[in-house]
Amino acid sequence: MSNIIDASELTIEALLNSPRQAYIVPRHQRQFEWTREQWSDLWEDIHIGQIDESHFLGSIVVIPVGRPSVEINYFEVNDGQQRLTTILILLSVIRDRAQILNSDKFAKHISDYYLFANCFAGGAEKVVPKMTLGRLDNEAFEDVLSGKLQNEEKNSHRIFECYTYFKSQIENLNPGELENLKERIVNKIIVVHINVADKLNAFRLFETLNDRGLALSAVD
């Protein structure tokens, strides 16, 4: 059974800090729909909580895309894309603020370890975004991950609105405070990471959860 469903409690550090692992949101998933209400709840949990308190963010359900390779290994995110997208946007905001404060090594650390996956194969380095969203979200999301919003304001997409919200929350933080915030995010936010072998077993997992009284559809 352990080869079919593998569930473990992970920090954001453990979830994202794997150089050759990246995530894809499947086409049937909904768009990024979290709003200021969810962003502010997350911000309060991170920023106002005690420094030694952990915060449980929820579950992340993934399915491997193909067999493991020497290059980038992709996983479909079948549940948890909203929370994971928001965390990556917040880390991008911290990276951009660090660059403004000339904390270039810290900014590079965030990009290299959390925002992008990379490998060296065929005589060249391959660098890809840590997560790829659906067609209607991905261009805006890649603009955020690549730092294109650092010197310009964009408000025509909810991804940009989320970026602007978190930017307003950290605009007065100094380098030391930024580093503390980043540590809280990657080491104090906990998720339950559920790795399901394939789509059939993902369907069986959610079917079982339905039988236990949780209102999840087959599409979910």
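Author: Start with a definition: two strands pair if DSSP finds at least two bridges between them. Note also that this model is predicted.

The part to look at is strand β4, residues 73-79. Is β4 enclosed or open? Five of its seven residues are buried, so the rest of the structure largely encloses strand β4. Buried here means under 20% relative accessible area.

Now the partners. Strand β2 covers residues 21-24. It pairs with β4 in the parallel sense, over four bridges. Within that pairing, Tyr74 of β4 stands opposite Ala22. Strand β3 covers residues 55-65. Its pairing with β4 is antiparallel and runs over five bridges. Here Phe75 of β4 is the bridge partner of Pro64. In general, side chains in a regular strand alternate between the two faces of the sheet.

Next, the helices. Helix α4 spans residues 104-115, and helix α7 spans residues 175-188. Their axes come within 12 Å and cross at roughly 15°. Angles under 35 degrees count as roughly parallel, so α4 is roughly parallel to α7. The crossing of α4 past α7 is left-handed. On the α4 side, Phe106, His109 and Tyr114 make the contact. By type, the contact residues of α4 and α7 comprise four nonpolar, one polar and two charged.

Technical notes: Residues numbered from 1 in each chain as written. Predicted model: local features only at pLDDT ≥ 70, side-chain atom pairs only at ≥ 80, totals over all residues. Heavy atoms only, no water. Buried < 20%, exposed > 50% of the residue type's maximum accessible area, 1.4 Å probe, protein only. Helix = DSSP H or I, 4+ residues; strand = E, 2+ residues; numbered from the N terminus. Axes fitted to C-alpha atoms, helices over the stretch in contact; angles between N-to-C directions. Parallel < 35°, antiparallel > 145°, perpendicular 65-115°, else oblique. Left-handed = near helix turned anticlockwise from the far one by under 90°. Contact = heavy atoms within 4.5 Å. Nonpolar A, V, L, I, M, F, W, Y, C, P; charged D, E, K, R; others polar.
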